[in-house]
Amino acid sequence: MAKQSMIQREKKREKLVEKYSEKRKALLIDFKKANNFVDQMEIHKKIEKLPRNSAKIRLRNRCWRTGRSRGVYRDFGLCRHMIREMAHNCILPGVRKASW
């Protein structure tokens, strides 16, 4: 189980990303449309003033069950340990243990 502080920090980041997404998109569009370097630098300074944790790249995939950040499968949103455990208990639909 991940530390509760790490899980809460990630939730806080998700809220910030959602809050500033429209503003960040608008600034990035303006940045791409800017013709000269001076305008680009002004827009870039505005982007830099936004909170760092409002950038989508700062989000980390976490297991919804344990909060583990490594080995998370996007299909299920679970870490590899939970996938194995739930597959053995026949909780995950369509998942079987491979044997050859």
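C90 counts as exposed, at 68% relative accessibility (exposed means over 50% relative accessible area, buried under 20% and partly exposed in between, with a 1.4 Å probe and protein chains only). Welcome to a short tour of this predicted model, in which local features need pLDDT of at least 70, side-chain atom pairs count only at pLDDT 80 or more, and totals for chains, interfaces and linings use all residues. Residues are numbered from 1 along each chain as its sequence is written, and side-chain values use heavy atoms, with hydrogens and water left out.

**Confidence**

- The protein averages a pLDDT of 92, and 100% of the residues score at least 70 (pLDDT is the predictor's confidence in each residue, from 0 to 100).

**Around C90**

- C90 sits in the segment after α3.
- Although C90 is not a glycine, it has a positive phi of about 60°.

**Nonpolar cores**

- The largest nonpolar core has seven residues in all: C63, L78, C79, M82, I83, M86 and L92 (such a core is a set of buried Ala, Val, Leu, Ile, Met, Phe, Trp, Tyr and Cys residues joined through side-chain atoms within 4.5 Å).
- At least two residues of this core come from each of β2 (78–79) and α3 (80–88), and α3 gives the most, with three residues.
- Not counting residues up to four places away in sequence, C63 touches R68, V72, G77, L78, C79 and M82 (contact means heavy atoms within 4.5 Å).
- A second, separate core has six residues, including Y20, L27, A34 and L50.
- For background, nonpolar side chains tend to be buried together in soluble globular proteins.

**The largest pocket**

- About 190 Å³ of space lies in the largest pocket (on a 1 Å grid over the protein atoms alone, a pocket is an open set of points where a 1.4 Å probe fits, with protein on both sides within 12 Å along at least five of seven lines; points are joined across faces, edges and corners, and the volume is the space filled by probe spheres set on them).
- Its lining consists of R80, I83, R84, A87, H88, V95, R96, K97 and A98 (lining residues have an atom within 4 Å of a point).
- That lining divides into four nonpolar, one polar and four charged residues (Ala, Val, Leu, Ile, Met, Phe, Trp, Tyr, Cys and Pro count as nonpolar, Asp, Glu, Lys and Arg as charged, and the others, Gly among them, as polar).

**Along helix α1**

- V17 is found in helix α1 (residues 4–33) and is buried, with a relative accessible area of 12%.
- Leaving aside neighbours within four places in sequence, V17 is in contact with N53, S54, A55, K56 and L59.
- V17 and L59 are 42 residues apart along the chain, and their C-alpha atoms are separated by 8.5 Å.
- L28, also placed in helix α1, is partly exposed at 38% relative accessible area; L28 and I43 are 15 residues apart in sequence and 8.1 Å apart in space, C-alpha to C-alpha.
- K33 lies in helix α1 and counts as exposed, at 61% relative accessibility.
- The C-alpha atoms of K33 and K97 are separated by 52 Å, and the two residues are 64 residues apart along the chain.

Terms used. Helix = DSSP H or I, 4+ residues; strand = E, 2+ residues; numbered from the N terminus.
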